[in-house]
Amino acid sequence: MIGADRRGRAAVAVVLHQFRYSHYNDKARWALAWKGVRHERVSHLPGPHGPAIERLSGQRQTPVLVWDGEVIAGSGRIVDAVEARV
């Protein structure tokens, strides 16, 4: 999603690829919400998600965040990236 954040700054394109029901994905969603990062969520079904996530990130696990073209895989790395950028 491209627009402006709550401070009126230009926002970058941020997309979270996720499983809807997963505590790892919850951790990434909570970090984005806590910092007020506007983002789009793309939900995948476990199993059939594999090829699409692998093409995107080189591995088959979710969550995967795409932030301004940078691909970040794993909830811990996503939290670190959100903390560093916001």
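Modeller: Aspartate 80 counts as exposed because its relative accessibility is 53%; buried means under 20% relative accessible area, exposed over 50%, and partly exposed in between, with a 1.4 Å probe and protein chains only. This is a predicted model, in which local features need pLDDT of at least 70 and side-chain atom pairs count only at pLDDT 80 or more, while totals for chains, interfaces and linings use all residues. Residues are numbered from 1 along each chain as its sequence is written, and side-chain values use heavy atoms, with hydrogens and water left out.

Aspartate 80 belongs to helix 3, which covers residues 75-85. Helices (H or I, at least four residues) and strands (E, at least two) are DSSP runs, numbered from the N terminus. Between the C-alpha atoms of aspartate 80 and alanine 31 there are 9.1 Å, although the two residues are 49 residues apart along the chain.

The helix that packs with helix 3 is helix 1 (residues 23-34), at an angle of about 5° and with the axes 9 Å apart. Here axes are lines fitted to C-alpha atoms, for helices over the stretch in contact, and angles run from 0 to 180 degrees between N-to-C directions. Helix 1 is therefore roughly parallel to helix 3, since angles under 35 degrees count as roughly parallel, over 145 as roughly antiparallel, 65 to 115 as roughly perpendicular and the rest as oblique. Helix 1 contributes Tyr24, Lys27, Ala28, Ala31 and Leu32 to the contact, and helix 3 contributes Ser75, Gly76, Ile78, Val79 and Val82; contact means heavy atoms within 4.5 Å. Of the residues in this contact, seven are nonpolar, two polar and one charged. Ala, Val, Leu, Ile, Met, Phe, Trp, Tyr, Cys and Pro count as nonpolar, Asp, Glu, Lys and Arg as charged, and the others, Gly among them, as polar.

We turn next to the strands. Strand 3 (residues 64-67) and strand 4 (residues 70-73) pair antiparallel over four bridges; two strands pair if DSSP finds at least two bridges between them. These two strands form a hairpin with two residues between them, and aspartate 68 in the turn has a positive phi of about 50°. Valine 64 has alanine 73 as its bridge partner in strand 4. Strand 1 (residues 14-18) also runs antiparallel to strand 3, joined to it by four bridges, and valine 64 is the bridge partner of histidine 17. Both faces of strand 3 are covered, with Val64 and Val66 buried on one side and Leu65 and Trp67 buried on the other.
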